[in-house]
Amino acid sequence: MGYDRVIVNAAVVGPEGLAARDVAIKGETIAAVGEGLDRDGAEVVDASGKILIPGGVDVHVHLELPFCGTVSADDWRTGTRAAARGGVTTVIDFAIPYGEETLHDAFRNWKDRAGPKAAVDYCFHLAITDWDRHGPEMESMVRLGCPTFKEFMIYASEGWQSDDRAIFNTLERCKDLGAMLLVHAESSRVLDELIARHHTPELMAKHGARLHAITRPNVIEAEAIQRAITWAEATGGRLYIVHMSTRQGADLVKAARARGVDVYAETCAQYLVLDDSVFDGPDGHLFACCPQVKSRLDQDRLWRGLVDGEVSVVSTDTCTFSREQKARWEGDWTKIPMGLPGLETLIPIVYTHGVRAGRLTIEQLVEKCCTNPARLMGLYPRKGLIAPGSDADLVLIDPEKTITVDHARMETNADWSPYQGWELGGFAEMTFSRGRKIVDHYRFVGEDGWGRWLPRERAGSLDG
Ligand code: URP
Ligand code: ZN
Ligand code: ZN
C-alpha cells in the first residue's frame, strides 16, 4: 500500500471503543486502521502496551491575550508547544475585536499572530462585543469558515460585555446560520455589587485572595446560565456554556437538555481537580481565574455530569500569567490578572483523575477531550477521530508512565504551575500532527508555524 508510517499493536481508542489495532498514516491523514497492516517501506512505530488516542481538541484557549491590563504569557509559540506535549493537536482561541475593530479585523489580527508560531492546528471563535456593529458580520464570518461566536456576560471594563439583547439576537442569527453561541455566564450586576461591598482595606487585609471566591458565590454563575438558557429556549439557537464551574449550572443544563433546549456545556480541568482552598495559601492569588474554582461538591457534580452527559467537553481556558504579572495585585484581588496555564496538563489531569481514578473510561476521556469538542465545533471527522480519512493527529500514551509536574521542565511559559509536584500519567510519549511527529519521548520536536488554520462549515451537534 505504500504507507509512510504504521503504528502497530496499539490499544486504539476508535469509534467502536478500545481495540488492538494498527494505524497506517499516508501523508497527513490516516490511511487505514486494522489488523496486520502492510508495513513494507513504512516507518514502524511499535506501540505494544501503549494507548493510542486521537489528538486532543482544546476548544477554549487564550494565547497572548491582552487582558487585565497585561498580555497572557503563553503566546502562540509556547502555548501550542505546551499543547503538543500535553497531547492536544487542535486549539480554538477567541478572536476579540478591540475598540472600533470589526470581527474581520479581529480574525485577521489573531490569524497574523498565530500563523508564524503555531505548532498545532488552530481556529477561532469570534467574540461579539458590540451587537449592532458585529451582528451584521456574522453571516460573512460563517462563510469564511468561523461558525462559532462568543459573548461575555461580564467584563464591562474590558469593553467585552454583552447584554441580554445581544445574546437573544445572536442566538436567533445562530439558528439561521447553522452557528453556535458560546457564553461566559456570570451575573455582572450582582457580581459588581458583591465586589463593591467587599472592596475595603479592612476586608482585603482580612481575606486577601479569598475575596475572589467570596464575591463569586455559585449563584453568580447559575443565574447567568439560567438566563442564557432562557434565550436559547426562546430562540431555538444553539448555546454552549463555557467553563461551567458549579453544580447548579450542571443541574440547569441537564434540565434544559431534558426539555429539548439546544444547549451544551464544557467544564475545564481546573474545576474538576482544584477547590477554593487554594486561596488560603500564600500563593492563593496565583489561582485566580474567572470563574474561580469552587468546592468539592461542585467537582463531584461536574465529574458526574461528564458521565451522565450534561457536561460534553473538558477544555482548559488556558490564560497564563507569570508570577510577576500576578503580583500586580498588591493585596487587591480585583487587580489579579485572571487565568491559569492548562494546555500541557489537560489530558494528563483527565487521564489521572478521571481514567486512573475510575471516574471515566478511556473512551469517555476521548469523547470529552477529542471527539465531542471536534463535533460541536464543526471539526469532525477531520479531527477527534481515529479513522481512515481523518487527519493523522494521534497521541501515544504509556499507561504505566507518570511524570511529576514541574513548571521548569514544561513548554508553557508559566513560571509556576497550579499542579506543581503532582504526579500525573497520560502525558504524550509521542504526538503526531497531520502525520508529522511533533513530540517524541515526551519532548517537543515540532516546528513553529507547522499548525494550520482550520476553516469550518457549521457548528455541530451531539444530538441526533
Ligand atoms: O480567567 C480566565 N478565564 N481568563 C480568560 C478569560 C475568560 O473569561 O475566559
Ligand atoms: Zn470566560
Ligand atoms: Zn476563556
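So, the largest cavity here: the space is taken by ligand 1. Keep in mind that this is a predicted model.

How much of ligand 1 does the protein cover? Let me get to that through the contacts. On the oxygen side, a polar side-chain atom of Tyr 155 sits 2.5 Å from an oxygen atom of ligand 1. Asp 317 brings a polar side-chain atom to 2.5 Å from a nitrogen atom of the ligand. Met 338 does its part with the backbone: one of its N or O atoms lies 3.0 Å from a nitrogen atom of ligand 1. And the cover is 100% of the 260 Å² of accessible area that ligand 1 has on its own.

Okay, who else is around the ligand? There are histidines, His 60, His 62, His 184 and His 243. There are cysteines too, Cys 289, Cys 290 and Cys 319. Sorted by class, that's six nonpolar residues, five polar and one charged.

Let me pick one of the histidines. His 184 belongs to strand E12, which runs over residues 180–184. Buried or exposed? His 184 counts as buried, because its relative accessibility is 1%, and the cut-off for buried is under 20%.

Pro 291 is in the loop between helix H11 (269–273) and helix H12 (296–308). There's also a cis bond from Tyr 380 to Pro 381, omega near 5°. That proline is in the loop between helix H15 (362–376) and strand E16 (394–397).

Asn 9 has a phi of about 65°, and it lies in strand E1, residues 5–14. At 40% relative accessibility, Asn 9 counts as partly exposed. Glu 64 has a positive phi of about 40°, and you'll find Glu 64 in the loop between strand E6 (56–61) and strand E7 (66–67). Glu 64 has 12% relative accessibility, so it counts as buried.

Notes:
Residues are numbered from 1 along each chain as its sequence is written. Chains are lettered from A and ligands numbered from 1 in the order in which they are written. This is a predicted model: local features need pLDDT of at least 70, side-chain atom pairs count only at pLDDT 80 or more; totals for chains, interfaces and linings use all residues. Side-chain values use heavy atoms; hydrogens and water are left out. A residue is near a molecule or strand if one of its heavy atoms lies within 4 Å of it. A polar contact is a pair of N or O atoms within 3.5 Å; within protein, one must be able to donate a hydrogen and the other to accept it, and residues adjacent in sequence count only if both atoms are side-chain atoms. Accessible areas come from the Shrake-Rupley method with a 1.4 Å probe; for residues, only the protein chains shown count as cover. On a 1 Å grid over the protein atoms alone, a cavity is a set of points where a 1.4 Å probe fits but cannot get out, and a pocket is an open set with protein on both sides within 12 Å along at least five of seven lines; lining residues have an atom within 4 Å of a point. A molecule sits in a cavity or pocket if more than half of its atoms lie within 2 Å of its grid points. Ala, Val, Leu, Ile, Met, Phe, Trp, Tyr, Cys and Pro count as nonpolar, Asp, Glu, Lys and Arg as charged, and the others, Gly among them, as polar. Helices (H or I, at least four residues) and strands (E, at least two) are DSSP runs, numbered from the N terminus. Buried means under 20% relative accessible area, exposed over 50%, partly exposed in between (1.4 Å probe, protein chains only).
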